[in-house]
Amino acid sequence: MILLTGGAGYIGSHIAVELLEMGVEVAIVDNLCNSNRSVIERIESIAQRPVVFYEGDIRDAALLASIFEMCPIEAVIHCAGLKAVGESVTMPLAYYDTNVYGSICLCQAMQKANVKKLIFSSSATVYGPDAEVPYLESMPRGVATSPYGVSKGMVEKVLEDLGASDPDWSIVVLRYFNPIGAHPTGLIGESPQGTPNNLMPFISQVAAGVLSKVMIFGNDYPTSDGTCVRDYLHVVDLAVGHRASLRVLDSPGMHYYNLGTGCGTSVLNMVQSFIEVTGVDIPYQFAPRREGDLAAFWANVSKAEHELAWRAEKTLNDMLSDTWRWQQYAIVHGH
Ligand code: NAD
Ligand code: UD1
């Protein structure tokens, strides 16, 4: 059985479906601070298999101890955390508390239970603003520009020191690029609270008529059309990447993988492609650059391709049409 922290969230829910569909038993622990209980039912409905769900906090040592006592956990996939970059600047303590202290609590509970296989949700943000593109796993971590980004680098360092202290640990650090899209059933996807900060949920809420137009932050970057370039990957491909990483947990030590497509797409191209794929008009306007944004980055994905035998399979059209299907379901069902 796999313990999946943050399994009711956007990425965790897709990982849960993938694991259940491959016949793996899943226990989820999530405090629902950025998700809701109905996600668990929707995971079960897609996979047609039950999930063990614990509503609670990864910082609750007694809860974690009881989960390890009650469930035959072999490995942990750790997605729980706070992820809003802007909010992390105004609430740094909450971010370090949940992301760093929460990860330490989890590792302590794992150590006590003698479960030493861990997959951690990290981010491309750890490469920092000065790294050359495409990003390679062998590059050093840079200085991330937000407390959120710093918290991810700090957890990576904690895990490295833990791995160095005890050769029995096997730790996979997955550095996600820009996950978008939703499950093709349209039953699970991203549900940002309030006005979205990220591009894809913003575009889809404009399409749904919730927001009036997309502001494109900057059109004077040194890129082909002047707008920023990112490596967007389908959340289902990302979830499959976790499934592929489980095998690596049989080899002790630290393992790092970029999960992206290896291709960059500009913001303008994203908006125009969304219009083409869905047939829905998206009013947009150019606006000043957003502070802290990098002009362009994407992944070198050779390591994941060779060692995990994984590559992102879904197209940009899949990402956009699946996002739109989910957005329409979410509006109707109030998610
Ligand atoms: P999400 O907010 O949808 O999911 C995170 C889940 O963790 C939520 O369900 C939330 O309720 C839960 N949670 C938060 N604090 C908790 C705590 N203290 N105890 C228990 N549960 C808690 O976010 P997501 O997009 O699914 O991201 C999952 C992970 O991937 C995060 O660690 C995030 O930093 C990382 N990541 C996300 C992206 C992205 O673009 N979405 C990119 C890179 C890395
Ligand atoms: C951001 C975070 C990153 C985090 C990721 C997922 C920053 C600097 N980086 O990545 O650490 O891992 O989200 O949570 O915040 N854009 C617009 N208009 C919008 C929204 C976005 O033009 O309304 C542009 C942005 O300027 C950017 C691109 O779209 O160039 C993608 O933005 P976003 O989806 O927020 O992702 P990142 O900034 O790459």
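In this predicted model, strands β4 and β5 (residues 117–123) pair in the parallel sense over three bridges. Two strands count as paired if DSSP finds at least two bridges between them; strands are DSSP runs of E with at least two residues, helices are runs of H or I with at least four, and both are numbered from the N terminus. Within this pairing, H78 has F120 of β5 as its bridge partner. Residues are numbered from 1 along each chain as its sequence is written, chains are lettered from A and ligands numbered from 1 in the order in which they are written, and side-chain values use heavy atoms, with hydrogens and water left out. Local features need pLDDT of at least 70 and side-chain atom pairs count only at pLDDT 80 or more, whereas totals for chains, interfaces and linings use all residues.

Strand β4 (residues 75–78) also runs parallel to β1 (residues 2–5), to which four bridges join it. Here T5 stands opposite H78. β1 in turn pairs with β2 (residues 26–30) in the parallel sense, again over four bridges, and I2 has V26 of β2 as its bridge partner.

These pairings belong to an open sheet of seven strands with parallel pairing, in the order β3-β2-β1-β4-β5-β6-β11. Its edge strands are β3 (52–55) and β11 (253–259), each of which pairs on one side only. From one strand to the next the twist averages 15°, where axes are lines fitted to C-alpha atoms (for helices over the stretch in contact) and angles run from 0 to 180 degrees between N-to-C directions. Helix α6 (residues 147–165) packs on the sheet and touches β5, β6 (170–176) and β11; contact means heavy atoms within 4.5 Å. The direction of α6 makes about 155° with that of β5.

Are the two faces of β4 covered or open? Both are covered: A75 and I77 on one side, and V76 and H78 on the other, are all buried. Buried means under 20% relative accessible area, exposed means over 50%, and partly exposed lies in between (1.4 Å probe, protein chains only). In a regular strand the side chains alternate between the two faces of the sheet.

Ligand 1 is surrounded by 27 residues, of which the closest are I11, D30, N34, S35 and Y148. A residue counts as near a molecule if one of its heavy atoms lies within 4 Å of it. The polar pairs of both ligands are listed below; a polar contact is a pair of N or O atoms within 3.5 Å, and within protein one must be able to donate a hydrogen and the other to accept it, while residues adjacent in sequence count only if both atoms are side-chain atoms.

| Residue | Part of residue | Ligand atom | Distance |
|---|---|---|---|
| D30 | side chain | oxygen, ligand 1 | 2.6 Å |
| I58 | backbone | nitrogen, ligand 1 | 3.0 Å |
| Y148 | side chain | oxygen, ligand 1 | 2.8 Å |
| N178 | side chain | oxygen, ligand 2 | 2.9 Å |
| N198 | side chain | oxygen, ligand 2 | 2.9 Å |
| R290 | side chain | oxygen, ligand 2 | 2.8 Å |

Taken alone, ligand 1 exposes 810 Å², and the protein buries 95% of that; accessible areas come from the Shrake-Rupley method with a 1.4 Å probe, and for residues only the protein chains shown count as cover. The elements that give two or more residues to the shell around ligand 1 are α1 (10–21), β5 and α6. β5 gives the most, with three residues.

Around ligand 2 there are 20 residues, the closest being L199, M215, R230, R290 and D293. Ligand 2 exposes 740 Å² when taken alone, and the protein buries 89% of that. Both α7 and β8 (214–217) supply at least two residues of its shell, and β8 gives the most, with three.

Two loop residues complete the report. E190 lies in the loop between β7 (178–180) and α7 (199–207) and is buried, with a relative accessible area of 18%. The side chain of E190 makes a polar contact with the side chain of K83 at 3.1 Å. Not counting residues up to four places away in sequence, E190 touches Y10, K83, N198, P201 and W326.

N219 is placed in the loop between β8 and β9 (229–230). Its relative accessible area is 39%, so N219 is partly exposed. With residues up to four places away in sequence left out, N219 touches D225, G226, T227 and F286. The C-alpha atoms of N219 and S302 are separated by 31 Å, and the two residues are 83 apart along the chain.
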